[in-house]
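Good morning, and thank you for coming. Today I would like to take the group through the side-chain contacts of one protein model.

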Amino acid sequence: MSRLLEGIKTNDFVIVGRAGIDFFTDVGVRAEDAERLTVDLGGSAANIGAGICKLGGKAALVTSVSDDSVGSYCVNRLQHYGVNTDHVQRVGGEFRNSLAFYESVLEGHRNVIYRNGAADFQMTMQDVEAVDYSKFGALITAGTVFAAEPSRTATFRAFDLAKTAGLPIIFDVDYRPYSWPSAEVAADVLSRAAEASDMIVGNDEEFGFMAGGMDKGLAKARALSETTAEIVIYKMGENGAVTYAGGEEIATGIYPVTAVKPNGAGDAFMAGLMTGMADGRDLRTAILRGSACASITVSQPGCAPAMPTPDLLDDFLTNHPGPTPT
C-alpha cells in the first residue's frame, strides 16, 4: 500500500487553512428580502474538517482566528463538529475572521466574502512548527491558504514538516481570485503547491488556470498524475469527474438533486472522498461517495451544517436512482 493510501487509511487528518463565519438566507430568499439569517461555521478548511468528523473521521485544524467574539464563535463551532482546535491560534489587532454572506438561491446566486485583514492569513512559521505531524495520517489544505503572507510561507513549511514525518499531502486547488494579488502570482504559487502534493483535487477551471488555458487543464491534470502526484481528480461540475491514478483513468458521474445553492460542494466532496477511502472503499466508490456528499450539501442551506452524517449518506445512496452515466 502506498504512503498516500496508508495515510488516508488512518482517517486522522491535519488540515491547514481557514475557519470563517457564514451568514445565509432561508431557502429561496434573496439577500434584499431576508428578514433573518442563519449563522454557522464556514471557511473551506473548517468545512472539510467538519465534514470529515461528521462522517466518523478525525480532523485537527491549524489556523489563526481573530481574538474577539467572532473568533471565539468559530472555535466553538469547530469543537461542536468535533474538530480538534489545539492548533488554532488567536491574533489581535485589526485582523478579523473572514465572513461570508450568501443566498440559499441557485439562479443568480450571490456570495459576498469579506477577507480584508483576514486573521487566517496571519498564520506563522511558528504556528505550523508547533504541530506534531507524526500524530496524523495525512495533511490536507486548500489553495486559499497560499494567497497571502505569512500564511503562504507557513503552509509550504507545513508541507516540508509533514513530508519529513511521512505524511502525504492532499491539495484542493480552491482558486478564489479575490484573495490573490494577481493571477500570475496565483498560477505560480498554486502550481508549486500542486507539484509538492501526493493527491490533487480541482475543477476544470482551476487546472486550466494553472496550465495557462482552459483547453490545457485536462492535460495538466494528467501530466501531474504521471510525474509528481499519485492521484489527480479533475472535476467538471455537472459533467462529473475524471480521476487519474496509477495509469488508470476513472470517469464518474454526479448525483442529480434539487440544489438550493452552489457553495460547500467541494468541501463536502473532499470529506466524503477521504472518509470513503479511509473506510477501505475502492477509489471509484470513494469518489462517488464524495459526489453524493456534495449533492446532499448543495440541497440544503449552509455548508458545515448541511454536510451529511453516515446514516444520512447511506440513506441518500440507497434511495437515489444513482449517478449520471459517464
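I begin with a definition: a residue is called buried under 20% relative accessible area, exposed over 50%, and partly exposed in between. Arg110, at 39% relative accessibility, therefore counts as partly exposed. Please keep in mind throughout that this is a predicted model.

Let us stay with Arg110 and turn to charged pairs. Side chains of opposite charge can pair when their charged atoms come close. In this model the count comes to twelve salt bridges. Which residue does Arg110 meet in a salt bridge? The partner is Glu32, with 2.5 Å from N to O. Glu32 lies in the loop between β2 and β3, while Arg110 lies in the loop between β6 and β7, and 78 residues separate the two in the chain. With a relative accessibility of 54%, Glu32 counts as exposed.

A further salt bridge joins Arg30 and Glu103, at 3.7 Å from N to O. Arg30 is in the loop between β2 and β3 (38-42) and Glu103 in the loop between β6 and β7 (111-114), so this pair ties together parts of the chain that are 73 residues apart in sequence. Is Glu103 buried or exposed? Its relative accessibility is 1%, so Glu103 counts as buried. Arg30 has a relative accessible area of 26% and is thus partly exposed. Taken together, Arg30, Glu32, Glu103 and Arg110 are linked in a network of salt bridges.

The next salt bridge involves two helices. Arg289 and Asp314 meet through their side chains at 3.5 Å, N to O. Because Arg289 belongs to helix α10 (residues 283-298) and Asp314 to helix α11, the pair ties together parts that are 25 residues apart in sequence. Arg289 is buried, since its relative accessible area is 11%, whereas Asp314, at 36%, counts as partly exposed.

I now move to the aromatic residues. How many aromatic pairs does a search of the whole structure find? There are eight. In one of them, the ring centres of Phe24 and Tyr102 are 5.5 Å apart and the planes are at 15 degrees, so the pair is stacked. Phe24 sits in strand β2 (residues 20-24) and Tyr102 in strand β6 (residues 99-102), which places the partners 78 residues apart in the chain. Both Phe24 and Tyr102 are buried.

Another pair, Tyr255 and Phe316, is edge-to-face, with 5.7 Å from centre to centre and 65 degrees between the planes. This pair also links distant parts of the chain: Tyr255 is in the loop between β13 (248-252) and α9 (265-278), and Phe316 is in helix α11 (residues 310-319), 61 residues apart. Tyr255 has a relative accessibility of 8% and so counts as buried. Phe316, at 15%, counts as buried too.

There is also a cluster to point out. Phe146, Phe156, Phe159 and Phe171 form one aromatic cluster. Elsewhere on the slide, please find Arg115, which lies over the face of Phe121 at 4.4 Å from the ring centre.

One is the salt-bridge network of Arg30, Glu32, Glu103 and Arg110. The other is the aromatic cluster of Phe146, Phe156, Phe159 and Phe171. Thank you for your attention.

Notes:
Residues are numbered from 1 along each chain as its sequence is written. This is a predicted model: local features need pLDDT of at least 70, side-chain atom pairs count only at pLDDT 80 or more; totals for chains, interfaces and linings use all residues. Side-chain values use heavy atoms; hydrogens and water are left out. Rings of Phe, Tyr and Trp (its six-membered ring) pair if their centres lie within 6.5 Å; planes under 30 degrees apart count as stacked, over 60 as edge-to-face and the rest as tilted. Helices (H or I, at least four residues) and strands (E, at least two) are DSSP runs, numbered from the N terminus. Buried means under 20% relative accessible area, exposed over 50%, partly exposed in between (1.4 Å probe, protein chains only). A charge sits over a ring if NZ of Lys or CZ of Arg is within 6 Å of the ring centre and within 35 degrees of the ring normal. A salt bridge is a side-chain nitrogen of Lys or Arg within 4 Å of a carboxyl oxygen of Asp or Glu.
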